[in-house]
Amino acid sequence: MAGKNGLDAGRKSGTGGETHQHAGHDGVGEACLTTNQGIPVADNQNQLKAGARGPVLLEDFVLREKIFHFDHERIPERIVHARGSAAHGFFEVYESLSDITKADLFQRPGEKIPVFTRFSTVAGGAGSVDTPRDVRGFAVKFYTQQGNWDLVGNNIPVFFIQDAIKFPDLIHSVKMEADRGYPQAASAHDTFWDFVSLMPESTHMIMWAMSDRAIPRSLRTIQGFGIHTFRFVNASGQSTFVKFHWKPKQGLASTLWDEAVKIAGADPDFQRRDLFEAIAAGDYPEWELGIQAFDEAFADSLPYDVLDATKIIPEELLPVRPIGRMVLDRNPDNFFAETEQVAYCPANIVPGIDFTNDPLLQGRLFSYLDTQLKRLGSTNFHQLPINAPKCPFANFQRDGHMQMLTPKGRANYEPNSLADAAEEGGPRECPATGFSSFPGRAAEDEQGEKLRIRPESFADHYSQARMFYRSLDPAEQAHLASAVIFELSKVSLAHVCTRVLANLVNVDPGLAKRIADGLALPLPKASPAAAPVQDLDLSPALRIIGGPMELDTLKGRKFGILIADGSDAEELRKLVTAVTKGGGTPFIVAPKVGGTKLSDGTSQVADGQLAGSPSVLFDAVAVLLSAQGAEQLLKEGAAVQFVMDAFAHLKAIGHSDAAKPLLDKAGVEPDDGIVTAAKFAGAAGRRYWDREPKVRALP
């Protein structure tokens, strides 16, 4: 039975504001949730912990069964992050961090640590397109002298859920619907929005996922985040909380939704191709690794919990300290052997780095290892070259399917005294240099009774969502509202749309009204909030447009130059030279790839045919036509669309005088981004956001 705002009558809120849906008294009248062994489940929202903010307990059979089954639902493709692209490179620390961590890779400035980095979408399968609206995985494997450290994050610093026990439910809801097998790689459907509308903790992540962050222009122009709060531990045993940030030196850039959709049709491998070709050309992408480092007192002073993966610490409150850089300089030799078989696991850490009691992180520590067993078929997956440490490793683990090592001797246990008989006794534990866990906090809420409970400090689900939305540039706010309108237009369950709108009233009433008006739906009252919604200080660092990482540059970008018979050879030469000098890549487009006769009688081979090289593939375009060529292309729909899309996607358009009739037919109106060919290089490094109200209706 539906209640107010479409809420279930049996829905209750827990201490952290999480949703609980209860069966009738003693389970009578409704099916009672059970394990696969038929054991009734009392709480399907929280892991079993030692205290409200304490570590997750291994005895939690409900969690282990749920995650275990979820990990093995697909073979052999990854369940999430199935579509990925990767590259080799190195990490170099700027200065010694020995004051806060004993981790070996942070001790010697200038030393290059090998890395293998994989970027991925989340919802789609391995054969899906590169440009859906989706989170992007950002996973880095550091091959350090003390073993492998895997920093397994995303391009968004928060997540949909606070407790890992909800991960199977989240992914089931966003994946293709169970009865029909669609939609692929899309969240615009009933089950996803039904789930998140009942999970107020998802609201902050929804803001990010509906923003331009979820439709990046390139894998080279995304940020990366460790998401969770981790610990650094120094040689004296002192702990410092840290949050990890990757910032692209190429700048932060996104697409427009119409552009992303058209890229998917023009080149499903657009971002994979872009990364591969950039590295092959020697244009190596680079990210700066930074940390937010803080102590217990700072954490306690915040109006939210640092163990809550749905929260960030704004950079204005705690600046990010740059500590090193990562450069990706080599493509994989074999896609399957490396990109597909690489196995990341958040539990892979080295001495000097440690976990916190973040309940989402705690569940991930179990899930990833279990997933790799099913996907790669053996507990020996760590012996695959891409996964193997580059430092010596030795233990007493033996045999198993696909064993690739050949241990010698009979020492496969310890303690043993075989060395006393002049036999090889094998490795021994090393307290001095080995990994040891930080003891944690003695506070009552982190070491206490065994509980399935959400901390009350996790209950504020709307304040940071409000902060994020209100921190965006007005154009980004409009894009976010448009994205939610589009997504909810695909939802057939009216009560779900009402519930989403009721949640969004808590975020920003103006945003909720924009979306309601865009759907022609009445605006409901705000849904009950588990904690008072606060007006936090805004964080301009969260913006893309006008933000600190938006760059006006040609470097690392690709520019389409449309020519036809009679195009001015000297004008083309000068334009190609200017783009190349600025660090950009010129890409010549023509009706025929074999040869276009230029004004000086020479033949110019094109890089791409007009019909297969639409302007969505480029960061800006130039149209260099003679009067004859313009007359020819006025009758070519692909040419008109080439210019029309470039204008609609707010890109710079350089043109010859004779090309103006084609621009007129495409509806191009003068602005700062419409320039002569001679001025193109100076205008092509950015988008022209002021143009947007001319080309589309914004909510």
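The model is predicted, with local features needing pLDDT of at least 70 and side-chain atom pairs counting only at pLDDT 80 or more, while totals for chains, interfaces and linings use all residues. Residues are numbered from 1 along each chain as its sequence is written, and side-chain values use heavy atoms, leaving out hydrogens and water.

Let us start inside. The largest nonpolar core has 68 residues; such a core is a set of buried Ala, Val, Leu, Ile, Met, Phe, Trp, Tyr and Cys residues joined through side-chain atoms within 4.5 Å. Buried means under 20% relative accessible area, exposed over 50%, and partly exposed in between (1.4 Å probe, protein chains only). Phe160, Trp193, Met207, Leu480, Leu488 and Ile515 have the most contacts inside this core. Helices that each supply at least two of its residues include α3 (190-197), α11 (474-489) and α12 (494-507), and α12 gives the most, with seven residues. Helices (H or I, at least four residues) and strands (E, at least two) are DSSP runs, numbered from the N terminus.

Beyond its neighbours within four places in sequence, the contacts of Phe160 include Val135, Leu170, Phe192, Met205 and Thr310, where contact means heavy atoms within 4.5 Å. A second, separate core of 37 residues includes Val93, Trp246, Met326 and Ile353.

Now for the charged pairs. The structure holds 43 salt bridges, each being a side-chain nitrogen of Lys or Arg within 4 Å of a carboxyl oxygen of Asp or Glu. One of them joins Asp194 and Arg499, whose closest N and O atoms are 2.7 Å apart. This pair links distant parts of the chain, since Asp194 sits in helix α3 and Arg499 in helix α12, 305 residues apart. Asp194 is partly exposed at 26% relative accessible area, whereas Arg499 is buried at 2%.

Another salt bridge runs between Glu95 and Arg321, with 3.2 Å between the closest N and O atoms. Glu95 lies in the loop between β4 (84-93) and β5 (112-121), and Arg321 in strand β12 (residues 321-330), 226 residues apart. Glu95 is partly exposed, at 41%, and Arg321 is partly exposed too, at 31%. Elsewhere, a network of salt bridges links Arg217, Glu259, Asp619, Lys651 and Arg687.

Finally, the largest pocket is lined by 42 residues, with Pro389, Phe393, Ala394, Asn395 and Gln397 nearest its centre.

Note on methods: On a 1 Å grid over the protein atoms alone, a cavity is a set of points where a 1.4 Å probe fits but cannot get out, and a pocket is an open set with protein on both sides within 12 Å along at least five of seven lines; lining residues have an atom within 4 Å of a point.
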